[in-house]
Amino acid sequence: MDAPRTVAAGRTASPTTARLINDRLALQLLQYEGALTAGQLKTLTGLSRPTVADLVERLQEAGLIAVVGESGAQRRGPNARLYGIVADRAHLVGLDLRTHSVTVAVADLLGEVRAEHTVPIGPDDTPDAAVAAALAGLDKALAAAGAPHPHTIAVGAPGLVDPATGRLGGTDWIPSWHVALVGELRARRPAPVLLENEVNLAAIAEQRDGAARGHDTFVLLWLGHGTGAAVVLDGTLRRGASGGTGEIGFLPVPGTAALPSASGCDGGFHSLAGSAAICALAAQHGLPAEAGAGSPAVDAPSPDTDAPPAEAVVRAAVAAGDAGAAFLDALAARIALGVAAVCAVLDPGCVVLGGETGSAGGEELADRIAGQLARLSPLRTDVRAGALGGRAVLRGAVLAARDAAQNELFGAAGPGVAPRP
């Protein structure tokens, strides 16, 4: 969880702005530290006792904080009361859209998941049937969480999300029901619907809760059915002019039989590191594997319904020790080609291997890639395995919904809580 931010030294503020800043800082401290007494808020914020008393009253009246217990101090009184954020003040929804499934998570205002449900989508289901099944799954998860309605919905999906319009598109392999579902969510529910590329959400989750914690600049390389990347530079997620930052599957690299085209990534990095390519490489090394059919360029299947066969192959190779070493070395050499190209342009200093396949390789694969990368690039780059695997997309969706909801609610607490910078 992010630490609270303080106001830059030397800034002056009007009384109203000061209240906005103070209230927001108090809420961030309560989220980061947990329940606090008024005295502890005074110590942590540096505010006067009357100022803290005023902000506590404002936030209670706004329904954002409540007394959740007592500190155990010998002297009972207002300062011994513990105040905490009212987590049920709003319920958030994160959705992870895959080719053959959708997973829904319902969380509270602090981002704690209260219910989760996965709906399989059959390959022969019509778009209407897929949308109906997904909406039914959403309603089931909301009911299980005791949430009458969502405050904010965040959706992670493969493909390009246009930064100007917020619409999904730009790729022919995206299932049509994805677009239809997002449209239906926006039409039928008053809650705002945020749409983000799935790999970008995975990067948010790895930065907050996983392998990229403490890094303001890094690249998440997604290895699932296909390949993708998310780029975070100086603390900012970079999407590009058309939402295409990180479409690494189209990257021309040596070792392929052709070049990628505007209509397909066959011949690009995807041809070396996608699920089908990894399975074929395993077969060349005498490891049992079935190449998965229809491997899209950026698609991260859910662990239970869409897990790429490459995940099992890589996991088995790691477990096999010396027997799987040659395959892992060859795979690392392939992946290092894409990583070296990214590093030559961005110099991120840290590359996280995400997705089911990246997680399956763990530090064994990461160390091999780092060794290959050191031969290809003079830039020092830390290569590490992702901590969240395929679940990073869903977690990132919950975090995105949490941020958006807190920005609205924390900014509407009486005379004011400043929106997060």
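# A first chat about the model

Q: Hi! I'm looking at Asp-347; how exposed is this residue?
A: Asp-347 is partly exposed, because its relative accessible area is 42%. Keep in mind that this is a predicted model.

Q: Thanks! Where is Asp-347 in the chain?
A: Asp-347 sits in a loop, the one that runs between α10 (325-346) and β14 (350-354).

Q: What about the phi of Asp-347?
A: Asp-347 is not a glycine, yet its phi is positive, at about 50°. In general, most residues other than glycine have a negative phi.

Q: OK, what is the phi of Asp-234, then?
A: Asp-234 has a positive phi of about 50° and is not a glycine either. Asp-234 belongs to the loop between β12 (227-233) and β13 (236-238).

Q: And is Asp-234 buried or exposed?
A: Asp-234 counts as exposed, because its relative accessibility is 66% and the cut-off for exposed is over 50%.

Q: Let's go inside. Which residues touch the most other members of the largest nonpolar core?
A: Those are Leu-41, Phe-218 and Leu-220, in a core of 46 residues.

Q: Which helix gives this core its largest share?
A: Helix α12 (residues 392-409) does, with eight residues.

Q: How many residues are in the second core?
A: The second core is separate and has 37 residues, among them Ile-278, Cys-279, Val-313 and Ile-369.

Q: Back to α12: how do α6 and α12 pack?
A: Helix α6 (residues 198-209) packs with α12 at an angle of about 80°, and their axes are 7 Å apart. That angle is why α6 is described as roughly perpendicular to α12.

Q: Which residues meet there?
A: On the α6 side they include Leu-201, Ile-204 and Ala-205, while Val-393, Ala-397 and Leu-399 are among those in α12. By class, the contact between α6 and α12 has nine nonpolar, one polar and seven charged residues.

Q: One last topic: where is Thr-103, and is it buried or exposed?
A: Thr-103 is in strand β5 (residues 101-107). Thr-103 counts as buried because its relative accessibility is 5%, and buried means under 20%.

Q: What does the side chain of Thr-103 make a polar contact with?
A: With the side chain of Thr-118, at 3.0 Å.

Key: Residues are numbered from 1 along each chain as its sequence is written. This is a predicted model: local features need pLDDT of at least 70, side-chain atom pairs count only at pLDDT 80 or more; totals for chains, interfaces and linings use all residues. Side-chain values use heavy atoms; hydrogens and water are left out. A nonpolar core is a set of buried Ala, Val, Leu, Ile, Met, Phe, Trp, Tyr and Cys residues joined through side-chain atoms within 4.5 Å. Buried means under 20% relative accessible area, exposed over 50%, partly exposed in between (1.4 Å probe, protein chains only). Helices (H or I, at least four residues) and strands (E, at least two) are DSSP runs, numbered from the N terminus. A polar contact is a pair of N or O atoms within 3.5 Å; within protein, one must be able to donate a hydrogen and the other to accept it, and residues adjacent in sequence count only if both atoms are side-chain atoms. Axes are lines fitted to C-alpha atoms, for helices over the stretch in contact, and angles run from 0 to 180 degrees between N-to-C directions. Angles under 35 degrees count as roughly parallel, over 145 as roughly antiparallel, 65 to 115 as roughly perpendicular and the rest as oblique. Contact means heavy atoms within 4.5 Å. Ala, Val, Leu, Ile, Met, Phe, Trp, Tyr, Cys and Pro count as nonpolar, Asp, Glu, Lys and Arg as charged, and the others, Gly among them, as polar.
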